[in-house]
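Visitor: Hi, I have a new model open. Can you walk me through it?

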Amino acid sequence: MSAPPVSPPSLQERRPLRALVLQGAVAPAALGLAVAAFLRLRSPTQNVYTETRLWIAAAIAGLLVSAVLVAVTLGRERLAAARTEALVTAGEEHRRFLLRLDHELKNPVTAIQAGLANLPASGAAASVSAQARRLADLVADLRKLAELETRPLERAPVDVAEMLTEIHEVAVELPGADQRALTLSLPQAPWPVGTIPGDRDLLFLAIHNLVVNAVKFSHPGDRIEMRARDEGDHVVVEVADTGIGIPGDEVDHIWDDLARGSAAAGTPGSGLGLALARVVVGRHGGSVWVRSRVGDGTVMGLRLPAA
Amino acid sequence: MPGRQDDGPRPLVLLADDEEAITANLAPFLERSGFRVHVVHDGEAALRAVHDRDPDLCVLDVLMPRLNGREVLRRLRADGMWGPVLLLTQVGEAGERAMALEEGADDYLNKPFDPQELVARIRAVLRRARPGRPPLSAAGTLRSGRLRFDRVARRAWLGDGELTLTPKALTLLDYLLTHPDELLTRERLLDVIWGFTTPVGTRAVDNRVAELRRLLGDDAADPTWIETVSGLGYRFCAKVETAS
């Protein structure tokens with residue numbers, strides 16, 4: 001059950017993942033409707049007018065995300081028909097889509113947050129605010145993804161061992177990490193892993209996202225191993241776990257935007273962490289891959305040019 | 001005007017956004033936060049309102065009918081009106097940054113935002129405002145003691161020696177110098193450097209601040225320029241002036 005390396009995003013083949021995006025579309029719709037229902041069901045207070053506006057806004061926001069996702073999925077499928085000559089165009093189209101989505105979502109989410117700020121403090125208001133915050137984070141993540149595809153990268157020598165050591169330090173503080181054996185192994189013979197040219201902040205974020213994923217999809221007592229090796233003109237970084245694994249029909253899609261595997265139900269997250277890692281690695285001229293067996297675990301890797 | 005919201009009449013905020021769902025919810029919140037609010041829904045109305053009502057601060061959305069927020073700001077500045085302006089957009093890409101310098105907004109906030117954050121920014125901008133004079137963010141060169149920063153060329157000097165800074169450290173220095181004496185959280189600085197926030201990224205901010213301190217020879221325990229605000233972020237604690 002192995003998957004081939006994924007090529008850089010701008011040239012990556014964009015599959016018409018109608019089913020996947022439809023799944024992705026359900027989450028924001030459900031979230032929006034849940035917020036809406038929640039507000040609607042609350043016993044009316046002096047702020048009935050504001051609350052009515054709020055539940056409408058919440059419902060619209062959720063449905064908006066879904067509608068845009070579905071519409072653009074269909075658009076992307078049409079686009080896919082011409083993809084043999086237009087892989088780069090598809091990447092650009094995808095970026096524009098993410099920016100459009102950001103644009104269409106940010107006003108309703110801003111309105112919801114402003115409306116919530118007018119409600120008297122209560123457990124209910126705090127709970128709905130947390131959900132609005134999730135929507136806001138999703139919008140921010142989508143924008144982040146779009147920007148990463150084009151923004152100029154800072155390229156300076158990055159000491160891989162030093163960076164991984166810091167990621168490990170941060171990762172052991174992740175919720176649940178103390179219940180897993182989270183190790184870092186850096187070979188010293190015949191020589192240590194050296195430096196790679198790149199943007200340290202972004203590479204840090206990408207690898208950290210792999211570790212977050214490993215912690216999320218493993219159980220207390222599982223092992224998570226971070227490791228790196230020198231392959232001459234490339235450096236390979238792997239994050240391996242003895243966690244729950246990824247079913248064969250999902251393994252190819254884990255790097256896609258808003259990908260949420262069947263095991264992800266009930267696990268918090270936007271479904272953008274690995275997509276972000278893929279984009280970052282692609283921008284550095286590298287590739288990502290994954291191998292997984294259900295019940296045994298998963299290894300995710302990055303291969304980055306050393307010069 | 002310093003202290004105005006504490007002991008004077010409540011500051012008047014002009015809120016310009018074409019989304020009624022936003023203004024209808026934001027205006028009452030700002031009023032409860034101690035401001036008077038005048039709402040308009042397009043750029044031309046915003047320009048008229050600035051001339052008719054002389055607000056203490058304008059919050060301008062960028063995408064508005066008739067005249068966009070950037071154009072409103074440009075026209076105000078062209079008329080020599082230097083009242084504080086907060087633009088509801090992102091300062092991110094290099095091109096936008098150059099435009100930001102040219103247009104001279106006092107601060108930026110990207111949607112969606114936490115309304116509390118908007119209030120905090122409004123207060124900080126009002127505190128910083130220098131009535132009748134261009135904001136630091138509209139200045140080409142800034143000086144703070146021996147430190148000089150050419151914001152157009154993006155070059156910095158300490159005394160006679162030019163500093164070699166990474167692009168992100170330059171961006172950070174620019175923001176610190178244009179927001180003196182203001183608590184800048186790690187999250188906000190990360191947003192400035194990267195245009196987004198992520199929980200692990202705050203370490204990136206610490207690394208850049210360390211880089212700046214090293215080059216400036218600034219002692220974190222007894223800072224001349226960059227003060228650590230324990231558990232929260234940083235503050236540029238030295239006086240900043242416009243240099244010609």
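Guide: Start with a term: two strands pair if DSSP finds at least two bridges between them. Helices (H or I, at least four residues) and strands (E, at least two) are themselves DSSP runs, numbered from the N terminus. One caution: this is a predicted model, where local features need pLDDT of at least 70, side-chain atom pairs count only at pLDDT 80 or more, and totals for chains, interfaces and linings use all residues. Residues are numbered from 1 along each chain as its sequence is written, while chains are lettered from A and ligands numbered from 1 in the order in which they are written.

Visitor: OK. How many bridges join β3(B) to β4(B)?

Guide: There are 4 bridges, and the two strands run parallel. Strand β4 of chain B covers residues 85-88. B:Val59 has B:Leu86 as its bridge partner there.

Visitor: What is the strand order in that open sheet with parallel pairing?

Guide: The order is β2-β1-β3-β4-β5 in chain B. At the edges sit β2 and β5 (107-108), and each pairs on one side only.

Visitor: What packs against β1, β2 and β3 of chain B?

Guide: The buried residues of α3(B) do, and they also pack against α4 (69-78) of chain B. Helix α3 spans residues 43-53, and its buried residues are B:Gly43, B:Ala45, B:Ala46, B:Leu47 and B:Val50. A residue is buried if 20 or more other C-beta atoms lie within 10 Å of its own, exposed if 12 or fewer, and partly exposed in between, with C-beta atoms placed from the backbone. Just after that helix, B:Asp54 has a positive phi of about 50°.

Visitor: Now B:Leu73. Why is it called buried?

Guide: B:Leu73 counts as buried because 25 other C-beta atoms lie within 10 Å. Its place is in helix α4 of chain B.

Visitor: How far apart are B:Leu73 and B:Arg32?

Guide: They are 41 residues apart in sequence and 27 Å apart in space, C-alpha to C-alpha.

Visitor: New topic. What order do the strands take in the antiparallel sheet of chain B?

Guide: That open sheet has 5 strands, in the order β9-β8-β7-β6-β13. Its edge strands are β9 (161-163) and β13 (241-243), each pairing on one side only.

Visitor: And what does β6(B) pair with?

Guide: β6 (residues 141-144) is joined to β13(B) by 3 bridges. B:Leu142 stands opposite B:Thr242 there. Another 4 bridges join β6(B) to β7(B), where B:Arg143 stands opposite B:Arg148. The hairpin of β6(B) and β7(B) has 2 residues between the strands, and B:Gly145 takes a positive phi near 60°.

Visitor: Which side chains of β6(B) are buried?

Guide: B:Leu142 and B:Ser144 are, and they point to one face.

Visitor: Switching to chain A. How many helices and strands?

Guide: Chain A has 8 helices and 7 strands. It has 307 residues, and 44% of them are buried.

Visitor: How many residues of each chain are in the contact between A and B?

Guide: Chain A gives 27 residues and chain B gives 26. Contact means that the C-beta atoms of two residues, placed from the backbone, lie within 7 Å. On the chain A side, α3(A) provides the largest share, 10 residues. By class, that side has 14 nonpolar, 6 polar and 7 charged residues. Here Ala, Val, Leu, Ile, Met, Phe, Trp, Tyr, Cys and Pro count as nonpolar, Asp, Glu, Lys and Arg as charged, and the others, Gly among them, as polar.

Visitor: Last one. How confident is the predictor about chain B and the complex?

Guide: Chain B averages a pLDDT of 87, and 89% of the residues score at least 70. pLDDT is the predictor's confidence in each residue, from 0 to 100. Residues 1-5 of chain B fall below 50. For the complex, the predictor gives an ipTM of 0.83 and a pTM of 0.72.
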